[in-house]
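Thanks for making time this morning. I would like to walk through the packing in one model, so please have the sequence and the structure open.

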Amino acid sequence: MHAFREAVEADDHDAIHALLAEDVVFTSPVAFKPYTGRAVTAAIIRGVSRVFTDFRYVREITGSDRRDHALVFEARVGERRIHGCDFLHTDEDGRIDDFVVMVRPLSAATALAEAMGAEFDQIAREAREEEEQKAGAQG
């Protein structure tokens, strides 16, 4: 089982954070432009964990190079049942450097977009605080 799946299933956000490359690119199913960076990606994942209920991975597919992974999931967003897939690519160090999420059906994607929109101020605040802490530790 991929370490990311284990961390998500354990709701271990420290482990999730550690698995992300510093320059990870996160492509959301409901936003036009990808997000770049560990801080914002980790904050988005925390936001998703607040929005999804009954989340579970139902299938895992690993590419022959062991660097590409597809994690199929089911969850609920409010009253909508959502099906989706996390597509992960890992770098030479085994950290996730590309993270793409796709979901269906459209009604659930719309519910997800609305729920994540309500979370976005907190997500932005969490990402900004992490970046400030990182800058303070380096300076």
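Which residues do ring pairs link into a cluster? The cluster consists of Phe52, Phe55, Tyr57 and Phe73, where rings of Phe, Tyr and Trp (its six-membered ring) pair if their centres lie within 6.5 Å. This is a predicted model, in which local features need pLDDT of at least 70 and side-chain atom pairs count only at pLDDT 80 or more, while totals for chains, interfaces and linings use all residues. Residues are numbered from 1 along each chain as its sequence is written, and side-chain values use heavy atoms, with hydrogens and water left out.

Altogether the structure holds 8 aromatic pairs. One of them joins phenylalanine 52 and phenylalanine 55, 5.8 Å centre to centre with 10 degrees between the planes, which is stacked (planes under 30 degrees apart). Phenylalanine 52 counts as buried because its relative accessibility is 12%, whereas phenylalanine 55, at 29%, counts as partly exposed; buried means under 20% relative accessible area and exposed over 50%, with partly exposed in between, for a 1.4 Å probe and protein chains only.

Phe52 is also among the residues with the most contacts inside the largest nonpolar core, which has 32 residues (buried Ala, Val, Leu, Ile, Met, Phe, Trp, Tyr and Cys joined through side-chain atoms within 4.5 Å).

Technical notes: Phe/Tyr/Trp six-rings, centres within 6.5 Å; stacked < 30°, edge-to-face > 60°.
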